[in-house]
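The sequence and the model come before the discussion.

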Amino acid sequence: VFFCFCNVHDVSDAMEVSVAESMSVDPFRSRVLTQIAFAVLGLSGWVTINGLFARLADLSQLAGWGVSSQLTIVIQVANIAPIVFLSLKARGMASVSGGMAASLVLGVVSMIALSWSWTVMIGKLPVALLGCSFVAACADAMSTITYYTFVAEFVAVHAVSLTVGEAFGTLVAGTLSYVPCSVSWYFLMLAIILLFSAVAMMCLLKSPICLAQRVSRDHQLVDLPNELEEISGGGEIQAMVCLGAIGLVCAYGNGLVPAVITASVQPYGDSALHLANVVPMVCEPLAACVSLWKPASYSGILFFTLLTVVSGTYVVALVWCESNAGVCQRTSWNAGLAIVACTLQRTCNSYTRASAVAWLRADVTSKRRDSHMSWVGVLMQVGSLAGAITGALIQAWS
C-alpha cells in the first residue's frame with residue numbers, strides 16, 4: 001500500500017492550474033475553510049499513538065504494565081519510516097501527497113486491525129498490539145514529515161492551523177477514552193477520525209476553495225501579525241536557532257518528560273499524577289490556538305524555549321530526588337509545584353513550536369521556506385527520539 005500511494009502524482013502541477021480558476025472565491029471563506037481543513041488534517045498526526053496511551057490501563061490488564069515500555073520501543077523503531085520515505089523522495093519514487101495518503105491509509109488499517117486483534121497473545125507477548133502499534137507509529141512519524149512539507153505550499157497562517165490540529169489530537173484522544181465503550185470500539189473511533197482527516201486532505205488537494213490559499217512559487221504572502229520578524233538576507237542563523245528550538249522542545253515534550261513523569265509525580269499520589277497529565281492536555285491546544293492570533297517574536301521564541309527547558313528539567317530532577325531517599329518532601333505544596341511544572345512545560349512546548357513554525361513559514365524566499373518546513377518535521381522526530389532515549393536512560397539509572 002505504501003509504495004502504491006507513493007507513486008501518486010504530486011499536487012503542485014494541479015495546484016498551479018487551480019489557483020487561477022479559483023480567483024473568484026471569497027477570500028475570507030477560503031481562508032477559514034482552509035484553516036479548518038488543515039486543523040482536521042493535523043488531528044491525524046499522533047492521535048492513534050496518543051489513543052494507545054490513553055487506554056493504557058485497559059491494555060495493561062492484557063499484558064501487564066510492562067506494555068508501556070514495549071510500546072515506547074516500538075514507537076521509536078518506527079522512526080525508520082520517515083527515513084525510508086525521504087530516501088524514496090530523493091530518488092523521485094515518492095511524492096509528498098503520496099506520503100500523506102500512505103500515512104492515513106496505514107493509520108486507518110492499523111486501527112481497524114487493532115480493534116479485533118488487540119487481545120491476540122503469543123505467550124506473554126501481545127504481538128497484535130505491538131505489530132499494529134508499529135504500523136500506526138510509522139504512519140504518524142511519516143505524517144510529521146509530509147504534512148509540514150505540504151503546508152509550505154499555502155499562506156503562512158495555515159502552518160499554525162496544522163500545529164493547532166496536532167495539539168488538539170492529544171485532547172481528542174484523551175476525551176474519547178472517557179466514552180463508555182470497549183477498547184475495540186475506541187480504536188474504531190480513532191479510525192473514523194483518520195477518515196475525517198482523509199476527507200480534509202482531499203479538500204486541500206482538490207477543492208478550488210482551498211487551492212485559492214496556495215502561494216505562488218514566485219512570492220510569499222506573509223499574512224502573519226507584525227510582531228513576526230521577516231526572515232530575509234542574513235536571517236539564516238535565526239532560522240537555524242528556531243529549528244533548534246523546535247527540536248529541543250520536542251525532546252522535552254515528546255520524549256523526556258513523558259518517559260519520566262510517572263516516576264517524578266507518582267510519589268505524590270495518584271491524584272497528582274492524574275492532574276499532571278490532564279491539565280496539560282487542556283492547556284496544550286489552547287496555547288497552540290493563542291499562537292494563531294499572537295505568535296511569539298524571535299526573542300519570544302527563545303524565552304518560551306527557556307521556560308520549556310527549565311520546567312522540564314525540574315520534572316526530571318524530581319526523579320533524582322526520589323531516587324535519593326526522597327530528598328523532596330511529599331507535601332501538597334511540592335505536589336502542586338510538580339503539576340505546575342508539567343503544565344508549564346507542555347504549554348510552553350506547544351506555543352513555542354507553533355510560533356517557531358509560523359516564523360519559519362514567513363520566509364520570503366520560496367526555496368528556503370520549503371527547506372525549513374521539511375526540516376521542521378525531521379527535527380520533531382529526531383528531538384522526540386533523543387528525548388525518549390534520554391528518559392529511558394534516566395529511568396534505568398534511577
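A residue is called buried when its relative accessible area is under 20%. Threonine 343 has a relative accessible area of 12%, so threonine 343 is buried. The model that supplies this value is a predicted one.

## Overall composition

The chain contains 17 helices and 0 strands. Of its 398 residues, 55% are buried. Among contacts with a separation of 6 or more, 86% are between residues 24 or more positions apart.

## Salt bridges

Side chains of opposite charge can pair when their charged atoms come close. How many salt bridges does a search of the whole structure find? The search finds 4.

| Glutamate 153 | Arginine 214 | 3.0 Å |

The side chains of glutamate 153 and arginine 214 meet in a salt bridge. Glutamate 153 sits in the loop between helix H9 (127-150) and helix H10 (157-176), and arginine 214 sits in the loop between helix H12 (208-211) and helix H13 (236-265), so this pair ties together parts that are 61 residues apart in sequence. Glutamate 153 and arginine 214 are both buried.

Glutamate 166 belongs to helix H10 and arginine 353 to helix H16 (residues 332-361), and the pair links parts of the chain 187 residues apart. Glutamate 166 has 12% relative accessibility and therefore counts as buried. Arginine 353 is buried as well, with a relative accessible area of 6%.

Glutamate 284 is in helix H14 (residues 270-293) and arginine 346 in helix H16, so the pair ties together parts 62 residues apart in sequence. Both glutamate 284 and arginine 346 are buried. Glu166, Glu284, Arg346 and Arg353 are linked in a network of salt bridges.

Threonine 170 is located in helix H10. Its relative accessible area is 14%, so threonine 170 is buried. Which residues does threonine 170 contact, leaving aside neighbours within four places in sequence? They are Asn50, Met281, Glu284 and Arg346. Of these, Glu284 and Arg346 belong to the salt-bridge network.

Threonine 343 is in helix H16. Not counting residues up to four places away in sequence, threonine 343 touches Val279, Pro280 and Cys283. The C-alpha atoms of threonine 343 and glutamate 284 are separated by 8.2 Å, and these two residues are 59 residues apart along the chain.

## Packing against helix H11

Two helix pairs involving H11 are described next. In the pair of helix H8 (residues 96-117) and helix H11 (residues 183-206), the axes come within 8 Å and cross at roughly 165 degrees. Angles over 145 degrees count as roughly antiparallel, and H8 and H11 are therefore roughly antiparallel to each other. The crossing of H8 past H11 is left-handed. Residues of H8 in the contact include Met100, Leu104, Val108 and Met111, and those of H11 include Phe187, Leu190, Leu194 and Met201. By class, this contact of H8 with H11 has 16 nonpolar, 5 polar and no charged residues.

Helix H4 (residues 47-54) packs with H11 at an angle of about 160 degrees, and their axes are 10 Å apart. That angle makes H4 roughly antiparallel to H11. The crossing of H4 and H11 is right-handed. In this contact, Val47, Thr48, Gly51, Leu52 and Ala54 of H4 meet Tyr186, Phe187, Leu190, Ile193 and Leu194 of H11. The contact of H4 with H11 has 8 nonpolar, 2 polar and no charged residues.

## Alanine 386

Alanine 386 lies in helix H17 (residues 366-397). Is alanine 386 buried or partly exposed? Alanine 386 has a relative accessible area of 39% and is therefore partly exposed. Its C-alpha atom is separated by 9.1 Å from that of tyrosine 252, which is 134 residues apart from alanine 386 along the chain.

Definitions and conventions
Residues are numbered from 1 along each chain as its sequence is written. This is a predicted model: local features need pLDDT of at least 70, side-chain atom pairs count only at pLDDT 80 or more; totals for chains, interfaces and linings use all residues. Side-chain values use heavy atoms; hydrogens and water are left out. Helices (H or I, at least four residues) and strands (E, at least two) are DSSP runs, numbered from the N terminus. Buried means under 20% relative accessible area, exposed over 50%, partly exposed in between (1.4 Å probe, protein chains only). Axes are lines fitted to C-alpha atoms, for helices over the stretch in contact, and angles run from 0 to 180 degrees between N-to-C directions. Angles under 35 degrees count as roughly parallel, over 145 as roughly antiparallel, 65 to 115 as roughly perpendicular and the rest as oblique. A crossing is left-handed if the near helix is turned anticlockwise from the far one by less than a right angle, and right-handed if clockwise. Contact means heavy atoms within 4.5 Å. Ala, Val, Leu, Ile, Met, Phe, Trp, Tyr, Cys and Pro count as nonpolar, Asp, Glu, Lys and Arg as charged, and the others, Gly among them, as polar.
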